[in-house]
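Here's a quick briefing to read with the structure open in your viewer. Have the sequence to hand as you go through the points.

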Amino acid sequence: MQLVIVESPAKAKTIEKYLGSDYKVLASYGHVRDLPPKDGSVKPDEGFAMDWELYGDKQKQVRAIADAAKTADRLILATDPDREGEAISWHVLELLKKRKALPKDVERVTFNAITKTAVTDAMKKPRELDRDLIDAYLARRALDYLFGFTLSPVLWRKLPGAKSAGRVQSVALRLIVEREREIEAFTPQEYWSVIAKMEHDGTGFDARLVKFEGNKLDRLSLGDEGTAIRAKTAVMNGAFTVEDVDTKPVKRNPAPPFTTSTLQQEAARKLHYSASHTMRLAQGLYEQGLITYMRTDGVQMDPGAISQARKAISDRYDGHYLPEKPRQYQTKAKNAQEAHEAIRPTDFTKPRGGSGDAAKLYDLIYKRALASQMAAAALERTSVTLRDGTGQHELRASGQVVKFPGFLALYEEGLDQKSDDDDEGLLPQMKSGDRPAKKSVDAAQHLTQPPPRYSEASLVKRLEELGIGRPSTYAATLQVLKDRDYVRTEKNRFFAEDSGRLLTAFLERFFTRYVAYDFTAGMEDELDDVSGGRADWHTVLEAFWRDFKPKSDEVMEQKPSDITVALDEFLSDYLFPPREDGLAPRACPQCIAEGREGGELHLRGGRNGAFIGCINYPECKFTRRFGQPGEDGEGADTEIGKHPDTGEAIERKTGRFGPYIQMGEGKEAKRASIPKDIPELDLDWAVKLLSLPRIVGEHPETGKEIEANIGRYGPYLRHDGKYAKLAGTADVFDTGMNAAVTLLAEAQNRGGRGARAKAEPLKTFGEHPTSGGEIKLLAGRYGPYVTDGTTNATIPRDMKPEDVTAEDAVRLIDERAAKGPAKKKGAKKKAAPKKTAAKKAPAKKAPAKKKTAAKAEDAEE
């Protein structure tokens, strides 16, 4: 018998069908062991020796692998073809050695796609484990452990509220925080544009003023309304004639097939998927044999796949869409060891694959890969210059026409941000001397915009440009930032939270080198050298540890108060910007209002994190949250304005649970918390918040009221004891009846708060291939889950219930079953008192005790 080890049960099941009865394929269910999360798991003083610990839920599976290995003639390690796959194979090998269950013949095989041809061909080309890739894994794992487990204790003791730091995570956070600083420091600049609405031969077009009073205009030349009105008048009074028509042919070539990072970027742009959701879906498509391996830096395709793609193009389009020669793409990845074939369909005759969100992702992968082998698009870009009789003023109209779509007939790459100067419209045919009709002239005011906040797509792109981290780790890195509450996302954009800003400031001040972009990118290059066999991993770690450990010890020895003073100075410009009233930036507003001298604001540290306080404490109790530079603070109540209906004053106050607004006094006072997602609290917002709850209307089916409000867990809808979550505070006031009814229905189907579990399944998938039980998708008390009648498996949070496929359901149930049955808490404790009581019971009271015991047994049943 030949034993094959892979990662997932879905992969194991497919491969076993391809290999035949002489092979037994078992899944490791991912990594089987890791460094225990405690001090001392990596020992720098002992040559960076590492202590490994078997995952608690992998005991049963490792035992099954060891038992099978004892009777196997040959062990074939067939985990994924990358560094992590090599590491899993190495861990399995080491565990079998310890258990003395290692077969005589041990071989490693890799394949880039789970198809019969790919798997059987790989079995004919076995190799040994790649020691360089294993060393690269050990180096990365030890480095990340040493960084995190050395720095995190420093944070816990010196920076209240900080949770953890990571080698790549902290640098990614710095990017987000720095973008936030750029936005805050940005000063909008006014500029104007003058556009003439023209018409020629019945076709309308726009022409922009590009020359005024003999001077060429750039974007900001018309900087005020007065100049803009003069320019508009000049255009209105001028008679413009076509001076020049410039037509240029333009070719656009297709983008290469997806790599891991470009797939994450494009899925975020076009499908609005998070990086983690994209990778989970891609993993499923790979395990179903629909696409090639999804963790890759390569852009090249296998020659056989290129031939198949070219045939698919010729079958679908005429000959003009197929270039004479196949297109070849070169990878930019520095590490050739980890650069594999691009992500592509395994079969170009299948334009569709998967279901739900996975089907949309497959469609993206299919079209991108097929388009990469199609002909270039031919465009024609035209620029028409019009000049008035004085020669002092010029207009320009631009447009572009697609003469031959080429690959654009199938696929066009998305953009993170569209340019304001995109020239896409169709211009009428014009020649020198023509005088198009002028219909109207508009002068429009604009303000320059700050750089946009990062989306997942643009952040992944930036990390890759800087050479920080590796594409296969980006999804996990971004998820950690969200889980630690260092950032939040709104409308698919990253916002830095106060805790993230403070952590970044701490690291920039005390660990400058280790959050520097060039240092982190340089570390990646060194780790790539290890995987390429060009560097020794011990040497790389020694160089890092030699400087990092003394620096950590130095910061640890400092008093928390000294840390706070240093951060107070480091963040001075951000926390205490110049005041409009001309007073000192650090002047305490409450001390000024109360006539107290010496009031000065500084950064302070407390149990719940950093805040701004006055040095005159306890006489002055003025405080301000860390993330509120320049605000009036929380020590004194401030009046926002008078209620338009009652005339009562509305005040902003601060309580033990944060800022709130209040109207009136005593028992009759109305109060409302101030939500974090309100851009700026003004009188209008205050009046709206105090008006809650809002009645949306009567439900069309029940006739009962639907109420919108803000509760402890955020904005929500309520109807007849059932609830639905709203996305933000604005939705509390904007949600209409149709949207409310839909949201409540969706929440009910998900088994939300107040919803009763439905007896009928949400979906059925037929019989489980192993247990034979019918697989159902049900709405449970703690969320949707799948079951075969024996094993229940919760649906992951990033998977929508309506997108669960039969393959997903089988995989989830199998993975849950492999972990063993859930232990029932307290089951053993119930039996013991009953047994003891029976022994100690007096003889004359025996009948009574039996009756009680019987009742207890009935209750347990």
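Buried, in what follows, means under 20% relative accessible area. By that cut-off, twelve of the 17 residues of helix H6 are buried, so H6 is largely enclosed by the rest of the structure. Bear in mind that this is a predicted model.

**Helix H6**

- H6 covers residues 169-185, and its end C-alpha atoms are 25 Å apart; 17 residues at 1.5 Å a residue should span 24 Å, which agrees.
- Which residues of H6 are buried? They are Gln-169, Ser-170, Val-171, Ala-172, Leu-173, Arg-174, Leu-175, Ile-176, Val-177, Arg-179, Glu-180 and Ile-183.
- As for what surrounds them, the buried residues of H6 pack against helix H12 (456-466), helix H13 (471-483), strand E16 (487-490), strand E17 (493-496), H14 and H15.

**Helix H9**

- H9 takes in residues 275-287, and its 13 residues reach 18 Å from first C-alpha to last, close to the 18 Å expected at 1.5 Å a residue.
- Twelve of those 13 residues are buried, so H9 is also largely enclosed by the rest of the structure.
- Among the buried residues of H9 are His-277, Met-279, Arg-280, Gln-283, Tyr-286 and Glu-287.
- The packing partners of H9's buried residues are helix H1 (9-19), helix H8 (260-271), helix H11 (357-371), H12, H13 and H23.
- Just past the end of H9 sits Gly-289, with a positive phi of about 80 degrees.

- Four strands make an open sheet in the order E29-E30-E31-E32, and the pairing is antiparallel.
- Which strands are at the edges? Strand E29 (763-767) and strand E32 (792-794) are, since each pairs on one side only.
- From one strand to the next, the twist averages 25 degrees.
- Strand E31 (residues 783-787) pairs with E32 over three bridges, in the antiparallel sense, and Thr-787 stands opposite Asn-792 in E32.
- Helix H23 (residues 806-818) lies across E29, strand E30 (774-780), E31 and E32, and it runs at about 110 degrees to E32.

- Strand E27 (residues 714-719) and strand E28 (residues 722-725) run antiparallel and are joined by four bridges.
- In one of the pairings, Arg-718 has Tyr-723 in E28 as its bridge partner.
- How many residues lie between E27 and E28 in the hairpin? There are two, and Asp-720 in the turn has a positive phi of about 55 degrees.

**Tyr-716**

- Tyr-716 belongs to strand E27.
- Is Tyr-716 buried or exposed? At 17% relative accessibility, it counts as buried.
- Beyond its neighbours within four places in sequence, Tyr-716 is in contact with Glu-707, Ala-708, Asn-709, Ile-710, Gly-711, Tyr-723, Ala-724, Lys-725 and Leu-726.
- Leu-743 is 27 residues from Tyr-716 in sequence, and the two are 9.9 Å apart in space, C-alpha to C-alpha.

**Aromatic pairs**

- Searching the whole structure turns up 19 aromatic pairs.
- In one of them, the rings of Tyr-145 and Phe-149 have centres 4.5 Å apart and planes at 20 degrees, so the pair is stacked.
- Tyr-145 and Phe-149 are four residues apart in helix H5 (residues 131-158), so about one helical turn separates them.
- Tyr-145 counts as buried at 5% relative accessibility, whereas Phe-149 counts as partly exposed at 32%.
- Phe-511 and Phe-548 make a tilted pair, because their ring centres are 6.2 Å apart and their planes are at 45 degrees.
- That pair links distant parts of the chain, 37 residues apart: Phe-511 is in the loop between helix H14 (498-510) and helix H15 (517-531), and Phe-548 is in helix H16 (residues 537-556).
- Both Phe-511 and Phe-548 are buried.
- The two also belong to one aromatic cluster, with Phe-147, Phe-506, Phe-510, Tyr-514, Phe-519, Phe-544 and Trp-545.

**Charges over rings**

- Arg-33 lies over the face of Trp-90, 5.6 Å from the ring centre.
- Lys-688 lies over the face of Phe-733, 5.0 Å from the ring centre.

How values were computed: Residues are numbered from 1 along each chain as its sequence is written. This is a predicted model: local features need pLDDT of at least 70, side-chain atom pairs count only at pLDDT 80 or more; totals for chains, interfaces and linings use all residues. Side-chain values use heavy atoms; hydrogens and water are left out. Rings of Phe, Tyr and Trp (its six-membered ring) pair if their centres lie within 6.5 Å; planes under 30 degrees apart count as stacked, over 60 as edge-to-face and the rest as tilted. Buried means under 20% relative accessible area, exposed over 50%, partly exposed in between (1.4 Å probe, protein chains only). A charge sits over a ring if NZ of Lys or CZ of Arg is within 6 Å of the ring centre and within 35 degrees of the ring normal. The expected span of a helix is 1.5 Å times one less than its number of residues. Contact means heavy atoms within 4.5 Å. Two strands pair if DSSP finds at least two bridges between them. Axes are lines fitted to C-alpha atoms, for helices over the stretch in contact, and angles run from 0 to 180 degrees between N-to-C directions.
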